[in-house]
Each structure stands twice: as C-alpha cells, then as structure tokens.
Amino acid sequence: MKSMNRRRILTAGVSTLTTCAGMSLLTGITRQAFAAGAPLPVTALGDRIAVISGAPGNVVALTAGDGVLLVDSGAAGMSDAITAALQGRRVNTLFNTHYHTDQTGGNTAFGRSGATIHAHEITRAWLATDYYVSTEDRWESALPKAGQPTETFRLKGELKAGGETVEYGYLLEAHTRGDSYVFFRDANVLVAGDVVSPQRDPALDWYAGGWIGGRVDAMDDLLELANDQTRIVPAYGPVMTRTQLQAERDMMQHLWERTTALTDAGRSAQDMLDEGVMNEIDRRFDDPYRFLYDVAKGLWAHYTNFGGNIV
Ligand SMILES: [Zn+2]
C-alpha cells in the first residue's frame, strides 16, 4: 500500500515521452585502448564498455564509432584525466544520471568539444539555473550553455550507439528529483548513478527532492531491469550484482518502514538514532545521524505521500 502511494507520486506528471533515436555508430576502441596509459583506474566490462573510476566517482564509457558515449562527466577539472583514459577519443554523446557537480563537472568541456548531452528534464532545468546548496550555504552557478543537456526525457527513451541498444529512464526522487539510469541491454550493464550506494552512506538530497521512499521505488525499478548476470555500476564503489542490489534495497525498505512509523509517531532524527534504528541493519554507516537527518527531512517533505496522520 505504501509502495503504491509512493509510485503514484513518482509517476504523476510524467506523461510525455522524448526519445532520441537515429544514432548508429560503429565500434572501435578496444579494452586495451581504454586502459593503456590511463591515469585513472579503468575496469573493462566486455570489449566496448569500461568503468573509469576516481573522477571522483565512476564514469562509464561505451565505444561508439571513433568516439565515445559517456555516462556522467566527472568533477570539474577531471576532463583531461577522463580524456586520457579514453586515449583522447572524442566524447560524442554524454548522459548525466543527475545534476550533482561530481557527475556534471565535465559537461562544459565535453559539450564544447561537441558532445550531445542527455538528461532527465528536471536535471536539465536544475543545471540551467543558479541553485542553492543547502549543505554548504552557498549558490552554485548555472552551467554555461555548452554544458547544459539539450536532449531530455521525462519517462524513458532509447538510442543506438556503438552497436548497443542504450535504454534510459527516470528514477525520480531517489537521490535528487531528476535521477535516471542508463541500461546497455545488449552488454547487460546497468548504470545506476547515486541511486545505489554500496560503499558510501546512501545520500538523500532532500533539498533537491530525494527521499527514502523514492529510493526504494527506484531500486525496485532497477531490480526489474536486471537479471543475475547484470553488472550494475553505482556512482561510487565497485560494480554490483543484482543480489547485492537486492540486499541494499531490502535494507532501505526496512529503514523506510521504521522511519515512517517513527515519523508518524512524532520522533526526530535523534530519536530514531537513540531508538537504535541504525543498529537493526547489517551495515555500518560513517555518519548514521546525518543519514537519519536527511531521511527525516525527506519524509516531512513527502509526508502526505505516505498517508501521514498529521494535518
Ligand atoms: Zn549525487
């Protein structure tokens, strides 16, 4: 019932479908070409797809003709290192999984060199205007035009690149308001962005619309896409299996049930910590209070979505 309530909200207003098709590019780069001389760690997932780590998060590259399709562009200042890892091949297509600067910092550099940038419409809108960063009490400037996505979608879409069918779609409100996945169905590689977090504490950017309910729904959607052979690439950390994704989803489901009940009973984040909520899960968090604070903020922002009793 709660899940249905969440899902209704997530799909509300998502009625248009923008599909970018028509790209048919030949393959070219080998896994050796990705790795040779690259200053950033590179993990090959087959012959045509590689994960470039340390940018500071993961960037995924698909060989597409004599160029590259990239998922996320790394932090500002990492573009040269990423380009080096690509052996200087030009990025002709770029996807952003969400608006955060560690995923979009290279947008302007790659956009200026000719990349077509794809993102969820809400992520495009976020990047196109100045926005307040609540955790740092500062404003971040809009990206220059060259760095802003120009190909957007609300629900999902598909294109062909490098002999791969590239599917993409929304994971709304899981981490921000405009998260999305990119699924290389032929290679069976699913890029999940910051919607899954096997290494770092799961982050809920409540100021930008992310919340624990959206995160559970999004992981359910990812589980539907994946099978036992799927390689799942998070924004940070090692490549995951579907079993590992299921475990993280189940942990988050438990936390969802406990924190919604406690919020309904008027408890604060500190109360949740004191009541031992974080001791009930089989994972150590670096900053459990910070996580619960963000959970509580997100729950209050979505309180009517899960049938809360407080008017
Ligand atoms: Zn993020």
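In which helix is Thr259 found? Thr259 belongs to helix α8, residues 242–264, where helices (H or I, at least four residues) and strands (E, at least two) are DSSP runs numbered from the N terminus. The model is predicted, so local features need pLDDT of at least 70 and side-chain atom pairs count only at pLDDT 80 or more, while totals for chains, interfaces and linings use all residues. Residues are numbered from 1 along each chain as its sequence is written, and side-chain values use heavy atoms, with hydrogens and water left out.

Thr259 is buried, with a relative accessible area of 0% (buried means under 20%, exposed over 50%, partly exposed in between, with a 1.4 Å probe and protein chains only). A polar atom of the Thr259 side chain lies 2.7 Å from the backbone oxygen of Leu255. Leaving aside residues up to four places away in sequence, Thr259 touches Ile212, Met272, Val277, Leu292, Val295 and Leu299 (contact means heavy atoms within 4.5 Å).

On a 1 Å grid over the protein atoms alone, a cavity is a set of points where a 1.4 Å probe fits but cannot get out, and a pocket is an open set with protein on both sides within 12 Å along at least five of seven lines; lining residues have an atom within 4 Å of a point. Grid points are joined across faces, edges and corners, and a volume is the space filled by probe spheres set on the points.

The largest pocket holds about 710 Å³ of space. Its lining has 29 residues, and the closest to the pocket centre are His100, Thr135, Ala203, Asp205 and Arg290. At least two lining residues each come from α4 (101–104), β7 (131–133), β8 (138–140) and α10 (288–301). The lining comprises 11 nonpolar, six polar and 12 charged residues (Ala, Val, Leu, Ile, Met, Phe, Trp, Tyr, Cys and Pro count as nonpolar, Asp, Glu, Lys and Arg as charged, and the others, Gly among them, as polar).

For the second largest pocket, the volume is about 290 Å³. Lys156, Gly169, Tyr181, Asp221 and Leu225 are the closest to its centre among 15 lining residues. Strand β11 gives the most to this lining, with four residues. By class, six residues are nonpolar, two polar and seven charged.

Two cavities of 30 Å³ or more are found in the whole structure, and the largest cavity has a volume of about 40 Å³. Residues lining the largest cavity include Asn58, Asp72 and Pro234, and β13 (189–193) and β14 (231–234) each supply at least two.

Terms used. Polar contact = N/O pair within 3.5 Å; in protein donor to acceptor, adjacent residues only side chain to side chain.
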